[in-house]
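Good morning. Please look at the structure on the screen, and I will go through a few parts of it.

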Amino acid sequence: MRTSLYPAVDELERRARTLARAAPGLLRLGQVGESRAGRPLWLLSAGHGDRHILSVAGAHANEPVGGASALRLAALFARRPGLLGPLGCTWHFLLCLDPDGAHLAHGWQPEEPEPSLTECHRYFYRPAFARQPESLPLPPGRPLPESAALVRLLDELRPVAQFTLHGIEFGGAFVMMTREVPGAADAFLETAALLRVPVDRHPVDGPDWRLDPPGVLVLPDGHGEGERDPSGFVAESTWLHPRRHGTLTTLIESPAWAVPSVSDARPVTDPDREIARLGEVLLGRSQELAAVLGTRLDAAVPEDLAPLRDAARELLDVAPSIVAGWAAEPPGRFHGYFAARGISARRIPLRVAAMASRALARTDPRAAEILDDLVREWSRELEKTYDLRWIPVAVQTGLHVRTMLHTARLVCGEAEDGRGCVCGRR
């Protein structure tokens, strides 16, 4: 199976059908819901075990690597069905949780060995927080149809493990786990080292999660259901929903471009000054964008491009609260901590410029041209500042696949030994 490019949503379905036809006794494809625009949500299932494992791909529109990883593991099961036997499970792959967003983000395909960060951002789209289907609005809000479909699936399957497959543009690998599984962290770190993918020692994500060990975040005991985004949106995550069934959720983040400095454990002599400097980067570039945009995003934008406008506006609005959050957070004392936040300080305005340019391309081409110039300038600055190294798609998916298999073996072994929940047995 080709692993050099990211598959489009329709290609995911075609490849899944090809796999299912080639392994009719093992693989099967079915529809488990529809998106807001009526696009099908496809579930590819492998095996016939009593336990269930669920892998969720495409939760974020700008992260197509998850679908490639799902197909790669399904193809591995088709070739080596004996891998499923010791797990005693049926393994399900939700091929794309947000097909509408994926369609809006699709267009860029990396051409190795010199993929273009600038070209990548010509097609960039990541929805506003309330439109991300891994977020479930707290009552009295109504979930997105994609979110509701995932919740139904989780409640029906009661999986022993849920893997949610993510891929950042640049940075380091890390995992987030809703409970500790002995051996899982070490296996992840060994996989990252084997594949030469740097580990983000202290990710920006999950600031209230427990860091144990570097690059592995574990949900603390007693953690509440609500997650507050800087935009003000408060949600229950689909990561946490299946805890009622004893499910372990593991989020696996695999970068497209490696940033070695996120693994740097050398101490920083003046962390307060470093945090202030990074805040200046984010706020300075946000002010530059605000000067270019003015009230342009308030003007008429074609309906099909409105999600780009809304996402760009939200990111621009939340920049000050992100900087305030960094200032309030007990600062790390090592270079990797500041590298991760320095990347974020540059990534946020880059995303705003990219999405605002697309939103205005038809109605205000002059503003779009200025924003395109900023995308080129800031992409080059990122490449120079952080010594970006492209990670082949096969390696990106390899990190997902190996981490899923190692963790599944540990979780299923835990259940067999009577030390974990076996609620997933049917």
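**Helices and one buried threonine**

I start with a pair of helices in this predicted model. Helix H1, residues 9-22, packs against helix H2, residues 65-79, at an angle of about 5°, and their axes are 11 Å apart. Angles under 35 degrees count as roughly parallel, so H1 is roughly parallel to H2. Which residues meet there? On the H1 side they are Leu 12, Arg 15, Ala 16 and Leu 19, and on the H2 side Gly 67, Ala 68, Leu 71, Ala 74 and Ala 75. Sorted by class, this contact has 7 nonpolar residues, 1 polar and 1 charged.

Next is helix H5, residues 145-157. How far apart are its end C-alpha atoms? Several residues of H5 are buried, among them Leu 150, Val 151, Leu 153 and Leu 154. After H5 comes Arg 158, which has a positive phi, near 50°.

Is Thr 118 buried or exposed? The relative accessible area of Thr 118 is 13%, and buried means under 20%, so Thr 118 is buried. Setting aside neighbours within four places in sequence, Thr 118 is in contact with Val 375, Arg 376 and Ser 379.

Last, the confidence. The protein chain has an average pLDDT of 93, and 95% of the residues score at least 70. Residues 419-426 have a pLDDT below 50, and in the model this stretch has 23 contacts beyond near neighbours in sequence.

Note on methods. Residues are numbered from 1 along each chain as its sequence is written. This is a predicted model: local features need pLDDT of at least 70, side-chain atom pairs count only at pLDDT 80 or more; totals for chains, interfaces and linings use all residues. Side-chain values use heavy atoms; hydrogens and water are left out. pLDDT is the predictor's confidence in each residue, from 0 to 100. Contact means heavy atoms within 4.5 Å. Helices (H or I, at least four residues) and strands (E, at least two) are DSSP runs, numbered from the N terminus. The expected span of a helix is 1.5 Å times one less than its number of residues. Buried means under 20% relative accessible area, exposed over 50%, partly exposed in between (1.4 Å probe, protein chains only). Axes are lines fitted to C-alpha atoms, for helices over the stretch in contact, and angles run from 0 to 180 degrees between N-to-C directions. Angles under 35 degrees count as roughly parallel, over 145 as roughly antiparallel, 65 to 115 as roughly perpendicular and the rest as oblique. Ala, Val, Leu, Ile, Met, Phe, Trp, Tyr, Cys and Pro count as nonpolar, Asp, Glu, Lys and Arg as charged, and the others, Gly among them, as polar.
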